[in-house]
Amino acid sequence: ISPLITLNDGHSIPQLGLGTWPLDDRQVATAVVHALEAGYRHIDTAVKYGNEEGVGNGIRASGIDRGELFITTKLDGEFQGQDRAVAGLEGSLSRLGLDYVDLLLIHWPLPGRDEFVSTWKTFERLQAEGKARSIGVSNFKPAHLERLLAETDVVPAVNQIQLSPAVTRTADREFDSRHGIVTESYSPLGGSGASLLQAPILTQLGEKYGKTPAQVVLRWHIEQGLVVIPKSANSERMRQNLEVFDFALSPQDLAELADLDEGPGAGNDSDRTGH
Ligand code: A2P
């Protein structure tokens, strides 16, 4: 069971949740049932993933009280701008079968267009109305956040970015934490098809602690105070990914893991990863 992290608005988020991209409605419904059985309480989806109905079906099939769950969704470019954001959240809530989400994110800042500021002002209103308990952003760089901080009232609770021992995003994380924004890692295991989990250092550290390479990577995220949402459709691996709260990496381990960093240019933009 995951510990909770307190957000800047006073709400709590389970530090480890289930990522659901690129599962379809049918796959995700099964995955959500398995995850909730395994003890997950935090599920991450997005309009763009096209699987919110499946997430909602999984939640209802699990029989778990909605109040125990932390559900995130994201509105992509199509829903930016004032009226479109209101309609966007209505659509998500109806597909999810929920009357609020725990966290609503701007999926990405739409380069070349400036609508994220007006979208954010709408998010502030949706939060005040109780339709989104917490509000945040995804794929925002410090320059985007600077604008929100200067032109709007509510500081984002979360910035969800691609982050792993290979893609460390140190400057972005420092900016977030300086402003009380919790950084959340997507593609925390390197994403599907990535070679990160093959790194020999992960096998070595795994042997030292009786853990798998994936568990070592997830522990790395946890120890840095990141919220982390590994995706798995496999119930064994889902369980494994939640079992990362019974060991700790040493400073020496962390120094060795630093060698996995591919440098500041690493990582993909969200439009390429699909996240
Ligand atoms: P699968 O769904 O078959 O488990 P990320 O969260 O970084 O996007 O990574 C997701 C990828 O990592 C998926 O391909 C997922 O495959 C795989 N994966 C998830 N958990 C584990 C694990 N514990 N060990 C190995 N691979 C994993």
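**Figure 1. Overall fold of the chain.** Residues 24 or more positions apart account for 73% of the contacts in the chain with a separation of 6 or more, a contact being a pair of residues whose C-beta atoms, placed from the backbone, lie within 7 Å. The model is predicted: local features need pLDDT of at least 70, side-chain atom pairs count only at pLDDT 80 or more, and totals for chains, interfaces and linings use all residues. Residue numbers start from 1 along each chain as its sequence is written. The secondary structure comes to 11 helices and 10 strands, where helices (H or I, at least four residues) and strands (E, at least two) are DSSP runs numbered from the N terminus. The radius of gyration is 18 Å, close to the 19 Å that the globule rule gives for 275 residues, so the chain is as compact as a globular protein of that length. This radius is taken over C-alpha atoms, and the rule is 2.2 Å times the number of residues to the power 0.38. Along its principal axes the C-alpha trace spans about 55 × 40 × 35 Å.

Figure 2. Of the 275 residues of the chain, 48% count as buried; a residue is buried if 20 or more other C-beta atoms, placed from the backbone, lie within 10 Å of its own, exposed if 12 or fewer, and partly exposed in between. Not counting residues up to four places away in sequence, the contacts of Leu18 include Ala31, Ala35, Ile229 and Met238.

**Figure 3. Helix 1 and its surroundings.** Helix 1 has 14 residues and reaches 20 Å from its first C-alpha to its last, close to the 20 Å expected at 1.5 Å a residue, the expected span being 1.5 Å times one less than the number of residues. Its buried residues include Val28, Val32 and Leu36. Strand 3, strand 4 (42–44), helix 2 (52–62) and helix 9 are among the elements that cover the buried residues of helix 1. Just after helix 1, Gly39 takes a positive phi of about 115°.

Figure 4. Most residues other than glycine have a negative phi, and most peptide bonds are trans. A cis peptide bond, with omega about 5°, joins Trp21 and Pro22; Pro22 is found in the loop between strand 3 (18–19) and helix 1 (25–38). Arg169, in the loop between strand 8 (158–162) and helix 6 (170–178), has a positive phi near 50° and is buried, with 22 other C-beta atoms within 10 Å. Ser187 lies between strand 9 (182–186) and helix 7 (200–209). Its phi is positive, about 50°, and Ser187 is buried because 26 other C-beta atoms lie within 10 Å.

Figure 5. Leu75 lies in strand 5 (residues 70–75) and is buried, with 26 other C-beta atoms within 10 Å. Leu75 and Lys48 are 27 residues apart in sequence and 7.5 Å apart in space, C-alpha to C-alpha.

Definitions and conventions
Contact = placed C-beta atoms within 7 Å.
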